[in-house]
Amino acid sequence: MKITVLTLFPEILRGFFESSIMARAVKAGRIEYELVNIRDYATDRHRKCDDEIFGGGAGMLMLPGPLGRALDAHGARTARTVFVTPSGRLFNQAYAADLAREERLVVVCGRYEGVDQRIIDEYVDDEISIGDYVLSSGEVAALVLVDAVYRLIPGVISGESLAEESFSGHGLLEYPQYTRPAVYGTIKVPEVLLSGHHANIAAWRLKAQIRKTLAYRPELFASAGLPDEVRRLLKEIVTEGGIDEPYPEDSGSAD
Ligand code: ADE
């Protein structure tokens with residue numbers, strides 16, 4: 001995949017692309033990237049990239065001229081082009097997987113109050129929000145988006161790691177994990193994890209996943225397609241704990 005990020009602050013992103021797993025993926029030729037400074041496409045003496053908003057309102061908007069020229073110069077019309085904004089569609093794992101299938105991804109970072117609507121109408125395929133909060137810049141949101149996407153590209157990280165993490169598999173949160181020492185201070189690793197008994201370990205992990213999901217993200221149980229085994233264990237846990245079952249109206253199996 002080729003990733004192009006258009007920004008007024010390429011230095012915010014550079015460290016990410018030059019470090020760790022991303023640097024390895026670039027070196028291995030799985031990812032190609034370019035960081036485009038929108039200001040390089042400003043034509044006036046002051047390299048102006050923003051102006052006041054027609055009709056009034058606080059703050060400034062990014063000018064369509066420099067951004068449009070930057071988008072044209074980097075092939076945005078023939079690539080999947082996304083704009084990160086708090087007023088976009090909410091990003092999630094399925095959305096990341098969809099973007100990971102693209103050959104070319106162009107990400108536009110907004111600053112100030114955003115960008116002129118004509119740029120969105122003309123070039124942008126998706127407006128994407130990474131969550132219901134407002135960041136001071138699109139660069140941080142773009143990094144979140146790119147990170148979630150590029151690691152799903154085949155060969156970037158192992159398929160095994162991907163299969164086991166949260167939002168894959170059963171769509172539950174990941175189970176708690178432990179490493180050495182087996183006793184840390186006075187706290188012991190759960191005995192079953194040291195037993196070498198694979199079936200018991202898998203059963204413990206699934207139950208732990210359900211407990212964690214129940215505590216932090218009970219709404220995830222509302223999704224269709226939960227395996228019967230998960231529904232059975234969920235019932236067992238809520239009965240044992242005297243907890244109200246989440247979404248009891250959805251307790252039928254989907255398969
Ligand atoms: N820019 C500022 N806040 C944002 C958010 N929540 N998602 C995407 N882009 C943003």
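**Close-up views of a predicted model**

**View A. Helices α4 and α6 pack at an angle of about 70 degrees, with their axes 8 Å apart.** Axes are lines fitted to C-alpha atoms, for helices over the stretch in contact, and angles run from 0 to 180 degrees between N-to-C directions. Helices (H or I, at least four residues) and strands (E, at least two) are DSSP runs, numbered from the N terminus. The two helices α4 and α6 are therefore roughly perpendicular to each other; this word covers angles of 65 to 115 degrees, whereas under 35 counts as roughly parallel, over 145 as roughly antiparallel and the rest as oblique. Ala96, Leu99 and Ala100 of α4 meet Leu145, Ala148 and Val149 of α6, where contact means heavy atoms within 4.5 Å. The model is predicted: local features need pLDDT of at least 70, side-chain atom pairs count only at pLDDT 80 or more, and totals for chains, interfaces and linings use all residues. Residues are numbered from 1 along each chain as its sequence is written, and side-chain values use heavy atoms, with hydrogens and water left out.

**View B. Helix α1 (residues 10-17) packs against helix α6 (residues 138-150).** Their axes are 10 Å apart and meet at an angle of about 25 degrees, which makes α1 roughly parallel to α6. The crossing of α1 past α6 is right-handed, meaning that the near helix is turned clockwise from the far one by less than a right angle; if it is turned anticlockwise, the crossing is left-handed. On the α1 side, Ile12, Leu13, Phe16 and Phe17 take part. Their partners in α6 are Glu139, Ala142, Leu143, Val146, Asp147 and Tyr150.

**View C. Five strands form an open sheet in the order β2-β1-β6-β5-β7, with parallel pairing.** Strands β2 and β7 (126-129) stand at the edges with a single partner strand each, so one side of each has no neighbour in the sheet. From one strand to the next, the twist averages 30 degrees. Two strands pair if DSSP finds at least two bridges between them. Six bridges join β1 to β2, and Ile3 has Tyr33 in β2 as its bridge partner. Helix α6 packs on the sheet, where it touches β1, β5, β6 and β7, and its direction makes about 160 degrees with that of β6.

**View D. Strand β6 (residues 104-109) pairs with β1 and with β5.** Five bridges join β6 to β1 (residues 2-7) in parallel, and Lys2 stands opposite Arg104 in β6. The pairing of β6 with β5 (residues 80-90) is also parallel and spans five bridges. Arg80 stands opposite Leu105, and Val84 stands opposite Cys109. From β5 the chain crosses through helix α4 (residues 93-100) to β6 in a right-handed β-α-β crossover; with the strands pointing away from the viewer, such a path from the first strand over the helix to the second runs clockwise. Strand β6 is mostly covered, with five of its six residues buried; buried means under 20% relative accessible area, exposed over 50% and partly exposed in between (1.4 Å probe, protein chains only).

**View E. Val82 lies in strand β5.** Val82 is buried, because its relative accessible area is 0%. Five bridges join β5 to β7 in parallel, and Val82 stands opposite Asp126 in β7. Beyond its neighbours within four places in sequence, Val82 is in contact with residues including Leu99, Leu105, Val107, Val124, Ile128 and Leu145. Val82 and Ile120 are 38 residues apart in sequence and 9.0 Å apart in space, C-alpha to C-alpha.

**View F. Helix α3 (residues 64-73) has buried residues.** These are Pro66, Leu67, Gly68, Ala70 and Leu71. Among the elements that cover them are β1, β2 (32-37), β4 (60-62), β5, β6 and α5 (117-123). Helix α3 is followed by Gly75, whose phi is positive, near 70 degrees.
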